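Trainee: Please walk me through the aromatic rings and the nonpolar packing of this model.

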Amino acid sequence: MIATDTNLPELWPLVGEATWETVYMVAITVAIGGVLGLGLGLALYATRAGGLYANRALFAVLNVVVNFFRPIPFVIFIAAVQPLARAVVGIGIGNRAIIFAMTLAAMFGIARIVEQNLVTVEPGVIEAARSMGASRLRILTTVVVPEALGPLILGYTFAFVAIVDMSAIAGAIGAGGLGAFAQQYGYRQFDTVVTWTVVLIIVAFVQVGQWAGNTLARRVLRR
């Protein structure tokens, strides 16, 4: 069934509100999940065999944790972490709960992206820094990360797109955003104009983020 008319003109204020909610959820998730994912990724890289802080037992634990949570489909992940969300943010539904779930999911995904990009750093660069007497922590923060910065930016850009995708499932636990708006006023009301308006907004949002990430990565790689 396809609608012959649309309620979009009456819904424009709600479109703006839903867009802001999506931007807010994605921004908070990228900021917090990005930092936590970077820390976890650095720990994975540093503790692996031959790493700066090689620790087989710790690496095995971190690796299992990341491999366990990362493949879980997000709609199932939301339900699985709902009790934890209640304990941490005080509620299992709504925007706070979805941001908590998105942040956890992003952390595990970004951690693997960070690790995979850091292992591409040439060992010779690290050995040169060691020969100059640099500490392991200094090598990690001022040599390894800067050397992999371009690929890391591209990796975070990929994560940004995935986080936008996760935000579209917010309606599953009563949160807002463009995904919930499209479900309520587009899909359930058989209003394809509303649905495709949301699609175009999300595509534009992703394209801006992708362009910004690609541009920044190119500038870093040309240094």
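**Rings and cores**

Mentor: By the ring-centre rule, the count comes to seven aromatic pairs. Rings of Phe, Tyr and Trp (its six-membered ring) pair if their centres lie within 6.5 Å; planes under 30 degrees apart count as stacked, over 60 as edge-to-face and the rest as tilted. The model is predicted: local features need pLDDT of at least 70, side-chain atom pairs count only at pLDDT 80 or more, and totals for chains, interfaces and linings use all residues. Residues are numbered from 1 along each chain as its sequence is written, and side-chain values use heavy atoms, with hydrogens and water left out.

Trainee: Which kind of pair do Phe68 and Phe69 form?

Mentor: Their ring centres are 5.0 Å apart. Their planes stand at 85 degrees, so the pair is edge-to-face.

Trainee: Which kind of pair do Phe74 and Phe77 form?

Mentor: Both sit in helix 3 (residues 74–80), three residues apart, so about one helical turn separates them. Helices are DSSP runs (H or I, at least four residues), numbered from the N terminus. The ring centres are 6.4 Å apart and the planes at 20 degrees, so the pair is stacked.

Trainee: Is Phe77 buried or exposed?

Mentor: Buried means under 20% relative accessible area, exposed over 50%, partly exposed in between (1.4 Å probe, protein chains only). Phe68, at 54%, is exposed, and Phe69, at 29%, is partly exposed. Phe74 has 10% and counts as buried. Phe77 has a relative accessible area of 2%, so Phe77 is buried.

Trainee: Which residues touch the most other members of the largest nonpolar core?

Mentor: A nonpolar core is a set of buried Ala, Val, Leu, Ile, Met, Phe, Trp, Tyr and Cys residues joined through side-chain atoms within 4.5 Å. The largest one has 51 residues. The members with the most such contacts are Phe74, Ile98, Leu118 and Val144.

Trainee: Which helix gives the most to this core?

Mentor: Several helices supply at least two residues each, including helix 1, helix 2 (56–69) and helix 5 (95–118). With 16 residues, the top contributor is helix 5.

Trainee: Which helices do the buried residues of helix 9 pack against?

Mentor: Helix 9 spans residues 178–187. Its buried residues include Phe181 and Ala182. Ala182 also belongs to a second, separate core of nine residues. Counting contact as heavy atoms within 4.5 Å, the buried residues of helix 9 pack against helix 1 (8–47) and helix 10 (192–221).
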